[in-house]
Amino acid sequence: MSHFNLPAYDLIRTAVGLGIWLCAGALIGTIHFTTLRWNTQAFANERSIVLPIGIQLGRFLLTGAMLLGIVRLFGAMPLLVTTAGILTARAIVVRQERQA
């Protein structure tokens with residue numbers, strides 16, 4: 001006997017929920033890795049180190065706060081799927097930067 005005997009609407013609801021978390025992770029990752037480009041340019045071009053360090057701290061704090069909020073409010077599975085979305089966005093942003 002399988003433990004996965006869920007009605008169809010539960011499976012659909014679960015799949016849609018995981019898709020939403022994947023998209024949320026992709027959005028978080030896109031923001032995180034796009035601001036990495038800004039951060040790199042700021043390190044290369046700025047005479048002061050304050051702005052690049054501020055951008056770096058902001059990136060980490062924003063991403064960390066979002067992931068912490070997701071795990072505290074929704075649990076481990078949404079966190080894992082969101083992380084998969086972030087890693088997917090990383091691959092896309094890095095590919096785009098290599099082509100540019």
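Colleague: Let's start with helix H3: how far does H3 reach from its first C-alpha to its last?

Modeller: Happy to, and do keep in mind that this is a predicted model. H3 covers residues 76–99, which makes 24 residues. At 1.5 Å a residue, 34 Å is expected. The model comes close to that, with a reach of 35 Å.

Colleague: Nice. Which helices do the buried residues of H3 pack against?

Modeller: The buried set in H3 consists of Pro78, Val81, Thr82, Gly85, Ile86, Ala89 and Val93. Their packing partners are helix H1 (8–45) and helix H2 (50–74).

Colleague: Is Thr82 buried or exposed?

Modeller: Thr82 sits in helix H3. Buried means under 20% relative accessible area. Thr82 has a value of 0%, so Thr82 counts as buried.

Colleague: And which backbone oxygen does the side chain of Thr82 reach?

Modeller: Beyond its neighbours within four places in sequence, Thr82 is in contact with Trp21, Gly25, Ile28, Leu67 and Ile70. The side chain of Thr82 also extends 2.7 Å to a backbone oxygen, that of Pro78.

Colleague: Which residues make up the largest nonpolar core?

Modeller: In soluble globular proteins, nonpolar side chains tend to be buried together. Here the largest such core has seven residues: Trp21, Ile28, Phe33, Ile70, Val81, Ile86 and Val93.

Colleague: Last one: what does Phe33 touch, leaving out residues up to four places away in sequence?

Modeller: Phe33 is one of the residues of that largest core. With those sequence neighbours not counted, Phe33 touches Ile86, Arg90 and Val93.

Notes. Residues numbered from 1 in each chain as written. Predicted model: local features only at pLDDT ≥ 70, side-chain atom pairs only at ≥ 80, totals over all residues. Heavy atoms only, no water. Helix = DSSP H or I, 4+ residues; strand = E, 2+ residues; numbered from the N terminus. Expected span 1.5 Å × (residues − 1). Buried < 20%, exposed > 50% of the residue type's maximum accessible area, 1.4 Å probe, protein only. Contact = heavy atoms within 4.5 Å. Core = buried A, V, L, I, M, F, W, Y, C linked by side-chain atoms within 4.5 Å. Polar contact = N/O pair within 3.5 Å; in protein donor to acceptor, adjacent residues only side chain to side chain.
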